[in-house]
Amino acid sequence: ICVRLVVEAVILMVDPPGHRRRSWFSMQKFMQSRTFTKKVLAIEGGRVSDEVWRLLQEGYFAHPEWDIQKIRHVSRAAAIVALWVEHQAMKTRHIELSSEEEPYAAKTRTAPQLSRPAAGVP
């Protein structure tokens, strides 16, 4: 189920109207289409709509199986894609997450803390 959630989330971002009506076979065919890669790459510079954002939050990020460690246990590739989905959703929405808004996966891992160099240190 973890891998399917990740694939559905990507398809939701690429093709919002048809993301849930797809069988596993039809999702595989969709990902093999000539336009799929172009659509995924277009997300990099685009924005997710409010509706897609809501569906990602409620249907995917809040799902108990949307846990990067669980996903990684099943498929490392799917875990990388799940992180990409989260990143794209957050980046394109320009949202600073509060503890109530964090995706489930973000709650289960610690982000690295960046420190600033002391004044006068090159």
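The following legends describe close-up views of a predicted model.

Residues are numbered from 1 along each chain as its sequence is written. In this predicted model, local features require pLDDT of at least 70 and side-chain atom pairs pLDDT 80 or more, while totals for chains, interfaces and linings use all residues; side-chain values rest on heavy atoms, with hydrogens and water left out.

**Figure 1. Overall fold of the protein chain.** The secondary structure consists of seven helices and zero strands, in the order α-α-α-α-α-α-α from the N terminus. Helices (H or I, at least four residues) and strands (E, at least two) are DSSP runs, numbered from the N terminus. Of the 122 residues, 36% count as buried; buried denotes under 20% relative accessible area, exposed over 50% and partly exposed the range in between (1.4 Å probe, protein chains only). Among contacts (heavy atoms within 4.5 Å) with a separation of 6 or more, 66% join residues 24 or more positions apart.

**Figure 2. The largest nonpolar core.** A nonpolar core is a set of buried Ala, Val, Leu, Ile, Met, Phe, Trp, Tyr and Cys residues joined through side-chain atoms within 4.5 Å. The largest such core holds 30 residues, of which Leu56, Tyr60, Phe61, Trp66, Ile71 and Val85 touch the most other members. At least two residues come from each of α1, α2 (24-32), α3 (36-45), α4 (50-61), α5 (68-74) and α6 (76-93). Helix α1 makes the greatest contribution to this core, with ten residues.

**Figure 3. Packing of α1 against α4.** Two packed helices are described by the angle between their axes and the distance between the axes. For α1 and α4 the angle is about 170° and the axes are 10 Å apart. Axes are lines fitted to C-alpha atoms, for helices over the stretch in contact, and angles run from 0 to 180 degrees between N-to-C directions. The two helices, α1 and α4, are therefore roughly antiparallel (angles over 145 degrees; under 35 is roughly parallel, 65 to 115 roughly perpendicular and the rest oblique). Leu5, Glu8, Ala9, Leu12 and Met13 of α1 meet Val52, Leu55, Leu56, Gly59 and Tyr60 of α4. The residues of this contact comprise eight nonpolar, one polar and one charged. Here Ala, Val, Leu, Ile, Met, Phe, Trp, Tyr, Cys and Pro count as nonpolar, Asp, Glu, Lys and Arg as charged, and the others, Gly among them, as polar.

**Figure 4. Aromatic pairs.** Three aromatic pairs are found in the whole structure. Rings of Phe, Tyr and Trp (its six-membered ring) pair if their centres lie within 6.5 Å, and planes under 30 degrees apart count as stacked, over 60 as edge-to-face and the rest as tilted. Phenylalanine 30 and phenylalanine 36 form an edge-to-face pair, because their ring centres are 5.7 Å apart and their planes lie at 75°. Phenylalanine 30 is buried at 12% relative accessible area, and phenylalanine 36 is buried at 10%. Tyrosine 60 and tryptophan 66 also pair edge-to-face, with 6.5 Å between centres and 75° between planes; both residues are buried. Ring pairs join Tyr60, Phe61 and Trp66 into a cluster.

**Figure 5. Surroundings of arginine 4.** Arginine 4 belongs to helix α1 (residues 2-14) and is partly exposed, at 29% relative accessibility. Leaving aside neighbours within four places in sequence, arginine 4 contacts Arg22, Ser23, Trp24 and Met27. The C-alpha atoms of arginine 4 and tryptophan 24 are 7.7 Å apart, although 20 residues separate the two along the chain.
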